[in-house]
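Reader: I would like to go through some of the labels used for this model. Please set each value against its cut-off.

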Amino acid sequence: MNRQLTLTIQLKHHASLQDFQWHPHNLLLKHALENIGTPHGDRMIYLWGGPGVGKTHLLQGMPQIFYERHQTAMYLPMQELVQCDPHCLSDISADL
């Protein structure tokens, strides 16, 4: 019998694109994130930057965009997942 293990992954409920500190120099990124996965947007975006610039905040805010479109998205922090057995993700599509 397989036992389901609980992952300690949780979203920060306050993380959203609306409460991110947008500046004129990153409005193109905001537009790209709002349109990801739409016919007018890209399917993938690569985010990079130094510590503390808001990458995690943006990534955790993205599932809300998909939820509003009645689509599914999930934030999976790799730093925590590397400590888990690879099989912990084997039935992930059943949970979505």
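Reader: What makes Ile-65 count as buried?
Author: Its relative accessibility is 9%. Buried means under 20% relative accessible area, exposed over 50%, and partly exposed in between, with a 1.4 Å probe and protein chains only. Ile-65, at 9%, therefore counts as buried. The model is predicted: local features need pLDDT of at least 70, side-chain atom pairs count only at pLDDT 80 or more, and totals for chains, interfaces and linings use all residues. Residues are numbered from 1 along each chain as its sequence is written, and side-chain values use heavy atoms, with hydrogens and water left out.

Reader: Which residues is Ile-65 in contact with, leaving aside its neighbours within four places in sequence?
Author: Leu-17 and Glu-34. Contact means heavy atoms within 4.5 Å. Ile-65 and Leu-17 are 48 residues apart along the chain, yet 8.3 Å separates their C-alpha atoms.

Reader: Where does Ile-65 lie?
Author: In helix α2, which covers residues 55–68. Helices are DSSP runs (H or I, at least four residues), numbered from the N terminus.

Reader: Why does His-70 count as exposed?
Author: His-70 has 78% relative accessibility. The cut-off for exposed is over 50%, so His-70 counts as exposed. This residue is in the loop between α2 and α3 (78–81).

Reader: What is the value of phi at His-70?
Author: Near 60 degrees. That is a positive value in a residue other than glycine.

Methods. Helix = DSSP H or I, 4+ residues; strand = E, 2+ residues; numbered from the N terminus.
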